[in-house]
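Dear colleague,

I am handing over the structure below, and after it you will find my notes on what I found. Please read them with the structure open beside you.

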Number of protein chains: 2
Amino acid sequence: MQNNTILLAQLNPIVADIEYNYNKALECIKQAQKKDIKLVAFPEMFLLGYPPMDIIERYPLIVEENIKYLEKLSLECKDISVLIGFCEFNKEKCGRKYFNSVAYINNTKIEKIMRKSLLPTYSEFSESRYFQAADFISKDRIINFNSLHAGIIICEEGWNDFDFFKKPLYKIDPVETLIKEQKPDFLINLSASPTRTKKEQLLNNMLSHCAKKYSLPILYVNQSGSTDCITFSGTSRAYDKNGNLIARAKSFEEDFFEVNIFNNTQNRIEPLPKGLEKTLNSQKEFSLDYEPDLERTYLTIISAIKDYFKKNGFKRAVLGLSGGLDSSACAVLLTDALGKENVTGVSMPSKITSSQSKNDAKELAHNLGINFFEIPIKDMADASSNTFNKVFDEIQNTWGEFRYKAPLTFDNIQARSRAMILWGISNEFSSTLPIATSDKSELYMGYATINGDMSGGFAPICDVTKTKLFALARWMNENRKTKNAIPEAILTKPPGAELAINPKTGKPLLAEEALMPYEFLDEVIWRLENLQQRADEMLKEVFLYEKKHLVTPEQKKLWLQKFAQRVQFAQFKWSIMPPGPIVDSRSINRAEYIQPITSKLKF
Amino acid sequence: MQNNTILLAQLNPIVADIEYNYNKALECIKQAQKKDIKLVAFPEMFLLGYPPMDIIERYPLIVEENIKYLEKLSLECKDISVLIGFCEFNKEKCGRKYFNSVAYINNTKIEKIMRKSLLPTYSEFSESRYFQAADFISKDRIINFNSLHAGIIICEEGWNDFDFFKKPLYKIDPVETLIKEQKPDFLINLSASPTRTKKEQLLNNMLSHCAKKYSLPILYVNQSGSTDCITFSGTSRAYDKNGNLIARAKSFEEDFFEVNIFNNTQNRIEPLPKGLEKTLNSQKEFSLDYEPDLERTYLTIISAIKDYFKKNGFKRAVLGLSGGLDSSACAVLLTDALGKENVTGVSMPSKITSSQSKNDAKELAHNLGINFFEIPIKDMADASSNTFNKVFDEIQNTWGEFRYKAPLTFDNIQARSRAMILWGISNEFSSTLPIATSDKSELYMGYATINGDMSGGFAPICDVTKTKLFALARWMNENRKTKNAIPEAILTKPPGAELAINPKTGKPLLAEEALMPYEFLDEVIWRLENLQQRADEMLKEVFLYEKKHLVTPEQKKLWLQKFAQRVQFAQFKWSIMPPGPIVDSRSINRAEYIQPITSKLKF
């Protein structure tokens, strides 16, 4: 009796840590051998770890090692077949240094090498920098599995269907070629495909479409885990020849995922992150109903924090707790990723900080059970102010009339004194990383202080807009084991940095007074990122905010102008932001957006 | 009598400032019309500005505008032919959004569109992200010039000669195809090609080789100016059919460059930056003889500072003057780029700062004639220390045994207090940018303080190693109008941050005590970047430093291990460095090196 189970090895590699990845693969193969499984499929580039980035150009030893370990691994594959991604030297006369390849190991021999033909080079992908695009040779893509033929596809090669995509990126469709020329019985796609808003929907629809179109079962294996800004959800799966989902692995964790393509009853279908099924219907306009994407957002950030700390040898996070939304949401995420004993919140009040804010911060820390310290920054801020004031008059005498009237300088002294304390703690205590708490809406506006709140070793919410962050905070309050960790007061008070006083109100300046309503701002961001709309087009659209509030055309125009001006100047700040997880379908994250500074944006 | 002069429009565009670029082009065309010049050739992508970066994906209005202005420009081209680079929408059924194209305008009509076929995607280039690689159609590449046929090549298309390059990147050589199929009388290459160490040598040899190989004159037009980290030297030129240089434009500035391909006596050959001719012979080993590259290095950095400030609307630079080499060299470069009235040096002594250092800083500022202030940081550093100390014991009680013994925390308070003052000045006074003074050797070692000396709006010397910086400083002392601006004491004392005391000597800790000899370190960097050598290979090589000093194999191994360890941790710091000019043939500059943080380097 043949064992028709295929093991999809949904694992979490470390880039360039070949030995670590090898051991993970070996353990998995041994388990499969014990169970008499005949075929194990690993994700794309698994031995080297994906994404490779520029280190493979500069440290070719990494690539040599992954070849050495591939050969070593093949010897362990007695009576079993293995498909595993690795980085191959390109020994041809011309072209780039490497191929993005898959080895087919059969009973201790490397029988075939398959070289990726379509190389994604957009957003977070930069494969054309390192890899030569191979000609697609369909006969190399067929392997035997019991009495069947499996056709092998490497990630992007499966994303160019001429019917499914309005404007495919490449002129050839390897899936079509493979099926036409070799008539395989089923397909396996080996991938390293990052998670994004709406990506699950796209992936599911595309794979289902292809299975149905060619009347062929499709298996898809993806890695889990995070590398810097990029997170992989796993969620490996299989579709039958009618395009129906028949198996799905866990999301955002490793999973030795066994799929039986002849006996569906043996397959498991793990649930997607809560609500994500709903996004399987396309969401084509801006909406404040973030609910279907909140668990995925949460899991993406948790995975990113966890792996950034673990893979880089950090243990503890330290962050400022202002009693506001951004730092509170970060504290909850860090607690869930690292454990409460490894998170330290520091309240660093200044003379502007209200006692309400101080209490909210304290209550949050108490609810989470994290370490908490209060360090007033008055002495530091005073010493800085005094030092500055002595010299500013002198500078003004030299330079003349260039001095600003706005109290921006003192506002920033407070934010920078706080960052100085957090970095000081990081310097004094081992394995401790300060956290940058800026959110996406404020980063777009440049509403963050250099060497202040935007400084840190990692930025957990840099790709979450403010309105989505409010929704995420409420979601966490409802869905975490400990309910309502974030005090209600934090969720109801309007955001404000408490760095300056609004002369009109005599109270701390609110962010929406300094910027524009977040609901409006977040829709501008959404339209820019998802539709590439410009100001004159947006002027004609009715915004969600306008359905609830009276906004004159003049006001709307002013807000759009403010947006354009602030984005122009904010680009420098984006370029020096620490890494943080990519979450949205588009972002300004360094890992996916090549940021110009010297340029004139047209909006 | 026909006018056989061709105008190579070596100009400096601003990315996405289409109107600015259009006006520059128009002015140039009008001058040519007055002189009855029949053909003007602009650099690649001139109307949009190069490099385009990700803004063209998100702000398609930029591309629409460049099309509009191209049409407008064509109407101005009465009785003249113009070749000009622009960004074209790709209206084909599949592929990327844009083409990197050249328009051939003849007597007010756009007669031909030429689409780039080879798209550089490495180092500072990322063209495959935006552009579709076009099929190379040779008949589209021919234009009439008087009674001759000119063949047009777009930048990278000229860089794939199968004889010249050992391993060409692409499978086709457009130059060969064009010459074979269309038999042009001469070639024009429209480029946007950044300057690097040894690039002039490569460019000259390659163009000369091709002219000789095909027995055809070649004209080459390049842009000047800088965008963020990338600098273009200009240096447009022409070779006769024997491969001899017959004309060369100015370097590092704009030049309306007229070339007469039939009457060589009318052509000018501008000198290269001093000494650069010498590098026309390849330099294949590490050397401290930087002299042939120093004027180019100087001009590259000057261009980068000048354009970063001008194009982004900044006027004044403010930097800390420690009396050390890094800040002194930066001060000279800023003075020459921005004018002495726009540079402010601030001496910010702490208790460790020697009076010698203070005097050296003062003397330098005096020699340069820049503004100078002294702001002791004692009060700020004390207030921070006091604040910290109160809380560190409390944290230690909570966390246990994780506290470091090294005085790193206090060292960094000093560096961060200084950066706080510089950013404070930038906040308080308009159009003023703080400068990050870290050099390349120290960045490699992570020997720079986050939110301290590595913080700023621009980092002029981030791609200059310490030994080269010493040479550059001496070169500036000799070659600037005002000689010896940098006091000799600064050039002779060993580098040190003056942040900590060496317990062994009781004196401020020297950088080479904390790291390793710079001469050794810089050779490690050179071997890594240029030869991709690894530790075991370097162990076998005899370093320049070893020819002068006794170094045991154990010591060498220890230094190499230290290098590897520090680089592993320094990668985070590189990722948050402000922009600064790319100077060397390889760098760790954000604009050319995709920086992984989570990864395990193998060295």
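**Helix H1 of chain B**

Helices (H or I, at least four residues) and strands (E, at least two) are DSSP runs, numbered from the N terminus.

This is a predicted model, in which local features need pLDDT of at least 70 and side-chain atom pairs count only at pLDDT 80 or more, while totals for chains, interfaces and linings use all residues. Residues are numbered from 1 along each chain as its sequence is written, and chains are lettered from A and ligands numbered from 1 in the order in which they are written.

Just after H1(B), B:Asp36 takes a positive phi of about 60°.

**The sheet in chain A**

In chain A, four strands form an open sheet with parallel pairing, in the order S17-S16-S15-S18, where two strands pair if DSSP finds at least two bridges between them. Strand S15 (residues 316-320) of chain A pairs with S18(A) in the parallel sense over three bridges, and A:Val318 has A:Pro434 in S18(A) as its bridge partner.

**The contact between the chains**

Chain A and chain B each give 89 residues to the contact (C-beta atoms, placed from the backbone, within 7 Å).

Best wishes

Note on methods
Contact = placed C-beta atoms within 7 Å.
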